[in-house]
Amino acid sequence: MGFKIPEEVLSIANELQEAKYRAYLVGGCVRDLILEKEPKDWDVATDARPEEIQKMFPESVYENQFGTVGVKTESDDPKLRVIEITTFRIEGKYADKRHPDEIKFAKTIEEDLARRDFTINAIAIQPDGTIIDPFRGRDDIDAKVVRTVGAPEERFREDALRLMRAVRFAAELDFEIDLGTRRAIEKLSGELELISKERVRDELVKILETPNAAIGIILLEELNLWRSVFPYL
């Protein structure tokens, strides 16, 4: 399968590789490429450390604790004006159910993909089009299934906002939620109350903006999430 990757993204990835670092496209842009949709944004993962990325790309911004450097381009396309490059990482426990207590840089793309939420978001593509898919995310895309990476309860206990993200992806992509993932959402639905109302609101808005918003609302009710989103209803 050939992927249409913008020159701005390829240029950054190739420059990292020429400097003897590894570089992969990751996240939602990979999922969208496989689905033959236009990505909303572009993310690159690498084994280069943030300070090394900044040396290579002086027109960049690094103002976070997650190892993400925003590299500015001169693209006319707003989606390509800043490409986010993130160092491979693994995450510690999530005491607040939303943010990892500790971030550690990893050595491989497989370690980085293992920390992600759903299999459909845990696929990487090299600049030459080679796909890295340790959790069989392409199979789930073909089957139109939303499934967690690893044990569902563990993924949702790490970050309770993923409970709503599962619903959003199901509605946005017109996918089914895997049975084991559904059962974990139903069991842990009350954990959503630990998430700030602002973050819950943002996810709800994204669900309402999908072409299948009604499906999303029905899923919120079926999975016992509605009471946490609208406790007074």
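Student: Before we start, what should I know about the model and its numbering?
Tutor: Residues are numbered from 1 along each chain as its sequence is written. Side-chain values use heavy atoms, without hydrogens and water, and in this predicted model local features need pLDDT of at least 70, side-chain atom pairs count only at pLDDT 80 or more, and totals for chains, interfaces and linings use all residues.

Student: How many aromatic pairs are there?
Tutor: Rings of Phe, Tyr and Trp (its six-membered ring) pair if their centres lie within 6.5 Å; planes under 30 degrees apart are stacked, over 60 edge-to-face and the rest tilted. By this rule, the count is 3 aromatic pairs.

Student: Why is the pair of Tyr24 and Phe88 classed as it is?
Tutor: The ring centres of Tyr24 and Phe88 are 6.0 Å apart. Their planes meet at 45°, so the pair is tilted.

Student: How many residues apart are Tyr24 and Phe88?
Tutor: Helices (H or I, at least four residues) and strands (E, at least two) are DSSP runs, numbered from the N terminus. Tyr24 is in strand 1 (residues 23-26), and Phe88 is in the loop between strand 5 (82-87) and strand 6 (89-91). The pair thus links distant parts of the chain, 64 residues apart.

Student: Is Phe88 buried or exposed?
Tutor: Buried means under 20% relative accessible area, exposed over 50%, and partly exposed in between (1.4 Å probe, protein chains only). Phe88 has 0% relative accessibility, so Phe88 counts as buried.

Student: Which residues form one aromatic cluster?
Tutor: Phe118 and Phe156 make a tilted pair, 6.4 Å centre to centre with 55° between the planes. Phe118 lies in the loop between helix 4 (109-114) and strand 8 (124-125) and Phe156 in helix 6 (residues 152-158), so the pair ties together parts 38 residues apart in sequence. Both Phe118 and Phe156 are buried. The cluster is formed by Phe118, Phe156 and Phe169.

Student: Which residue lies over the face of Phe169?
Tutor: A charge sits over a ring if NZ of Lys or CZ of Arg is within 6 Å of the ring centre and within 35 degrees of the ring normal. Here the distance from the ring centre is 4.9 Å, and the residue is Arg168.

Student: What does Arg31 touch?
Tutor: Arg31 is in helix 2 (residues 28-34) and, at 5% relative accessibility, counts as buried. Contact means heavy atoms within 4.5 Å. Not counting residues up to four places away in sequence, Arg31 touches Ile120, Asn121, Ile141, Phe169, Glu172 and Leu173.
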